[in-house]
Amino acid sequence: MSLLEVNDLSIQFGGLHALEHVTFAVDSGEIVGLIGPNGAGKTTVFNLITSIYPPLSGEIKLDGVSLIGRKTHQIFQSGVSRTFQNIRLFKHMSVLDNARVAYHHRMKYGVLAGAMRMPRYWREEREATDRALELLDLFNMKPLAEELASNLPYGRQRELEIVRALIGKPKLLLLDEPAAGMNPTETHSLMDTICRIRNLFGVGVLLIEHDMSLVMGICERIVVLDYGQVIAAGAPREIRSDQRVIGAYLGVARAAGKAT
Amino acid sequence: MDKKISRAWIINLIALSALSCALLIPVQMGIIKNYYTGIIITILINILMATSLNLVTGLLGHLALGHSAFMGVGAYAAALYSIHIGLTNPLSFPLALLFGGLCAAAAGILIGVPALRLRGDYLAIITLGFGEIVRIIMNNLPFIGGARSLRGIPRVTTVPFAYFTVVLVVALMFTIGRSRHGRAIISIREDEVASVSSGIPITFYKIFTFTLAAFFAGIAGGLYAHYVGVLNPNRFNFDRSIEYLVMVVLGGMGSITGATVAAIVLTLLPEVLRGLSNYRMLIYSLALVLMMLFRPAGLLGTAELSLTNLFRKRRKGELVE
């Protein structure tokens with residue numbers, strides 16, 4: 001049984017079939033790339049998995065349990081966390097607090113225990129802080145813990161989003177264009193980081209990316225979307241030479257001459 | 001860690017007792033005259049109103065224009081409690097306040113559940129409408145005196161009592177703000193989508209914050225009722241809500257210290273400029289315009305006064321808490 005199973009997923013926006021009969025799976029500890037031309041519906045897949053909007057039809061299962069009908073915050077609590085294409089950090093909160101927000105559901109103390117500073121408050125906050133610092137350290141961001149998130153350089157902000165996504169101990173990590181706006185050096189170190197995260201925590205990773213060197217470099221499998229449909233799925237080697245994929249990216253007429 | 005905490009406790013306790021002595025001893029000895037104790041109580045009530053509105057507007061980031069309606073609900077509920085049940089023992093005044101707070105909180109839930117589906121201008125308008133509805137209902141209820149005012153409320157609010165209520169409430173707001181619940185609330189202000197995607201049940205926290213603010217406003221209302229002794233529904237109109245909003249904006253949205261300072265300044269200002277009291281709204285708007293021009297984040301922004309930090313040189317990389 002796969003960690004994430006997406007089965008026959010469809011959604012329409014008005015008359016537009018944003019996704020049609022999309023089916024794929026992610027195993028735990030596996031890095032899967034979700035690629036496709038602009039407007040193919042990649043981010044929509046993420047939004048459906050995290051229940052930002054409900055699908056028209058189809059099934060999404062995590063560890064065999066359906067996620068359909070759950071609220072967005074419950075999906076996070078059941079072990080799916082994500083990052084965003086356009087960075088969405090809590091800009092006026094510290095780096096540490098950005099991470100600790102996402103540890104919310106792991107802490108159990110109530111409003112009164114928090115307001116009265118009961119021992120439980122100290123214990124659980126300590127645990128949250130330790131966990132946050134541990135993860136920040138992994139990204140060499142520990143010295144920046146008290147900095148405001150908005151003061152971080154761009155690449156650091158992307159990494160902080162990943163830290164925030166990881167702190168709740170997810171089973172599945174959804175990364176939406178993690179390398180967008182990064183230079184080749186940053187992209188390269190990001191690739192290392194993603195692999196390291198996978199090895200350390202054993203999470204499944206589903207990532208949307210346009211940077212082909214990253215996708216081809218670290219993904220074990222790739223799913224290609226075009227106009228809301230899966231047009232190919234398989235190992236990077238197969239995808240690279242798939243005529244339909246080349247057609248989708250370069251246009252069918254030119255594909256014949258330029259299939260490299 | 002423990003050493004740091006206990007040190008913070010000691011510093012804050014010393015500061016608090018020094019402030020208490022400076023304020024309460026002259027009042028108790030009768031050095032400060034009636035007129036001034038009145039101003040002090042008004043300031044304390046306004047601090048409660050400003051800091052509680054700060055929860056919704058500053059921390060949660062939602063514009064609410066009906067805050068004085070909650071004060072009204074609390075004021076009437078507490079007044080009715082002490083008139084009908086009576087203030088028989090020392091505990092019954094706090095109980096009356098609590099009752100007022102709870103009624104205001106109930107009103108907060110009632111309006112919060114439908115209203116918080118909206119945000120921005122829409123939420124502002126619906127809360128404004130709610131405020132007017134409450135005022136008009138109060139004007140037309142015979143058993144609370146209606147427009148002829150509710151009279152005969154025991155005038156038991158004293159400076160020490162109001163003072164300790166404010167200290168307690170502000171301390172609670174502060175600790176809640178620095179707990180997982182406070183972080184959740186602030187994260188909603190910062191980015192709702194990211195917040196819900198980080199496992200925060202945002203609907204719950206929106207209603208929770210709104211209700212908590214209404215509760216504290218209700219307590220402020222109870223203090224007010226037992227200070228003036230006469231309640232008229234028109235005291236809780238839209239102008240008052242704006243006044244509290246001005247305090248929050250002026251002090252810096254999200255800063256308890258800022259709201260407190262602004263509440264003190266904006267209560268004192270018309271008193272100091274007695275002769276100019278006709279121009280009060282003019283001064284308000286001028287202050288706001290100037291603020292937006294020169295310091296858009298408010299006097300203090302989101303910063304808080306921390307005695308512990310004042311007293312200690314921060315080592316590099318050291319963590320607060």
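**Ground rules**

I count residues from 1 along each chain as its sequence is written, and chains are lettered from A and ligands numbered from 1 in the order in which they are written. Since the model is predicted, I note that local features need pLDDT of at least 70 and side-chain atom pairs count only at pLDDT 80 or more, while totals for chains, interfaces and linings use all residues.

**Entry 1: the four-strand sheet of chain A**

I started with an open sheet of four strands in chain A, ordered 2-1-4-5 and paired antiparallel. For my own use: strands (E, at least two residues) and helices (H or I, at least four) are DSSP runs, numbered from the N terminus. Two strands pair if DSSP finds at least two bridges between them.

Which strands stand at the edges? I found strand 2 (16-26) and strand 5 (65-66) there, each with a single partner strand, so one side of each has no neighbour in the sheet.

Then I went through the pairs. Strand 1 (residues 4-13) of chain A is joined to strand 2 by seven bridges, and I noted A:Ala25 in strand 2 as the bridge partner of A:Glu5. Five bridges join strand 1 to strand 4 of chain A, where A:Glu59 stands opposite A:Asn7. Strand 4 and strand 5 of chain A share two bridges, with A:Leu62 opposite A:Val65. Their hairpin has two residues between the strands, and A:Asp63 takes a positive phi near 55°.

I also looked for a helix against strand 2. Helix 1 (residues 42-49) of chain A packs on the sheet and touches strand 1, strand 2 and strand 4 (57-62); its direction makes about 70° with that of strand 2. Contact here is for residues whose C-beta atoms, placed from the backbone, lie within 7 Å. Angles run from 0 to 180 degrees between N-to-C directions, and axes are lines fitted to C-alpha atoms, for helices over the stretch in contact.

**Entry 2: the six-strand sheet of chain A**

Next I wrote down another open sheet of chain A, with six strands in the order 6-7-8-3-9-10 and mixed pairing. Its edge strands are strand 6 (80-82) and strand 10 (229-234), each pairing on one side only. Neighbouring strands here are turned by 20° against each other on average, direction ignored.

I picked one pair to follow. Strand 3 (residues 31-35) and strand 9 (residues 221-226) of chain A pair in the parallel sense over four bridges, and A:Val32 has A:Arg221 in strand 9 as its bridge partner. Helix 10 (residues 243-250) of chain A packs on this sheet, touching strand 9 and strand 10, and its direction makes about 130° with that of strand 10.

A reminder to myself: two packed helices are described by the angle between their axes and the distance between the axes.

In chain B, the axes of helix 3 (residues 67-84) and helix 4 (residues 92-115) come within 7 Å and cross at roughly 140°. That makes helix 3 of chain B oblique to helix 4 of chain B. On my scale, angles under 35 degrees are roughly parallel, over 145 roughly antiparallel, 65 to 115 roughly perpendicular, and the rest oblique. I looked up the residues: B:Phe70 and B:Tyr81 are among those from helix 3, and B:Phe99 and B:Cys103 among those from helix 4. The contact divides into twelve nonpolar, five polar and no charged residues. Ala, Val, Leu, Ile, Met, Phe, Trp, Tyr, Cys and Pro count as nonpolar, Asp, Glu, Lys and Arg as charged, and the others, Gly among them, as polar.

The axes of helix 10 (residues 238-251) and helix 11 (residues 256-272) of chain B come within 7 Å and cross at roughly 125°. These two helices of chain B are therefore oblique to each other. Among the residues that meet are B:Val246 and B:Leu250 in helix 10 and B:Ala262 and B:Leu266 in helix 11.

**Entry 3: chain A meets chain B**

How many residues does the contact take from chain A and from chain B? I noted 30 from chain A and 23 from chain B. The largest share of chain A's side, four residues, comes from helix 2 of chain A. By class, that side has 13 nonpolar, nine polar and eight charged residues.

Note on methods:
Contact = placed C-beta atoms within 7 Å.
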